[in-house]
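The tour below goes from the whole chain to a single residue.

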Amino acid sequence: MADEVVVDALPYIDQGYEEQGVREAALLMVEEETRRFRPTKNYLEHLPPLKLNAFETDAMRHEFERIQQRLPMELLSMKRYELPAPPHGRMTDIAAWTECVDNSYAQLQHQLTRINNLELLSDYGCEIWKNEVQMIMQYVNEAQTSLQNLRKQIQEVNWARKSVQMQVGDKLKELEAKWVALVSKNYEIEQACAQLQQDVRDSHRLAS
C-alpha cells in the first residue's frame, strides 16, 4: 500500500537514543519532512458547516438577544397568582364575577396540584434520588472497569512487544557482529588483493 508506514524502531533493544546530537538530528528530520507538506487553508473544509443554532429554542434565542443588548432580566410575573376583583365599572356584572370565581378555582386547583407534588416528593423523592445515585455509580463502575481493561490490554501489548524484541535482540546482535566481521574480512581481502596487484606490477616493471 502506498500509504503504509513501516516502523522499524526497536525501542527495547536499540541503543544510542540518549547520545548527544541524536535528538537534534531527529528534530531536524521532522522539520525537513514538515516543510514538504502541502499547506491547506482550511483542513475542515470537507466537513459540512456547523449549525450552531440547531438546538436553540425561541426562549433561548430571546435570552441571548437580551444578554447581547445588556438588558436587565425580566422579573418573574406573579400575575397568574393574583385574584383580582372585577373592575369598578363591572362590579354588578355577573359574568365578570363568574370569571373571577373561575380564576379562583383554577388557582386553587393549581395550588392543590403543587401540594400533591410536594407530598409525592416528600414520600418518594429520597428513594428516587437513591436509585438515581445507584445508577450513576453503576455507570461509573462500568466506565472504570472498561478503562482498567483497556489499560490492561495496552500493557499486554507493550509486554508482548518487549518480549518479542528481547527474544530477537540477541539474534540481531549476533547477526550484526557477523556482518561487521564479514565487512572487516572483505576489507582485509581487498587490501590484500590490492597489495598483490601492486607486487605483480612491481615485478613486471623490474623484469622489463
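What does the accessible surface of the protein come to, and what percentage of it belongs to carbon and sulfur atoms? The surface is about 20200 Å², and carbon and sulfur atoms hold 59% of it. Keep in mind that this is a predicted model.

**Whole chain.** Select everything and colour by secondary structure. There are three helices and zero strands, in the order α-α-α along the sequence. The radius of gyration is 43 Å, well over the 17 Å from the globule rule for 208 residues, so the protein is more spread out than a compact globule. Now colour by relative accessibility: buried residues make up 4% of the 208 residues. Among contacts with a separation of 6 or more, 49% join residues 24 or more positions apart.

An unreviewed UniProt entry annotates residues 140–167 as "coiled-coil region". In the model, the range is 100% helix and 0% strand, and a distance drawn between its end C-alpha atoms reads 40 Å.

**The nonpolar patch.** Select V164, V168, L172 and L175 and show their side chains. Together these residues make a nonpolar surface patch of about 300 Å².

Note on methods
Residues are numbered from 1 along each chain as its sequence is written. This is a predicted model: local features need pLDDT of at least 70, side-chain atom pairs count only at pLDDT 80 or more; totals for chains, interfaces and linings use all residues. Side-chain values use heavy atoms; hydrogens and water are left out. UniProt positions are given in the numbering used here, feature names are shortened, and annotations may be inferred rather than shown by experiment. Helices (H or I, at least four residues) and strands (E, at least two) are DSSP runs, numbered from the N terminus. Patches are made of residues with over 30% relative accessible area and no salt bridge: like charges are joined within 9 Å, nonpolar side chains (Val, Leu, Ile, Met, Phe, Trp, Tyr) within 5 Å. Accessible areas come from the Shrake-Rupley method with a 1.4 Å probe; for residues, only the protein chains shown count as cover. A salt bridge is a side-chain nitrogen of Lys or Arg within 4 Å of a carboxyl oxygen of Asp or Glu. The radius of gyration is taken over C-alpha atoms; the globule rule is 2.2 Å times the number of residues to the power 0.38. Buried means under 20% relative accessible area, exposed over 50%, partly exposed in between (1.4 Å probe, protein chains only). Contact means heavy atoms within 4.5 Å.
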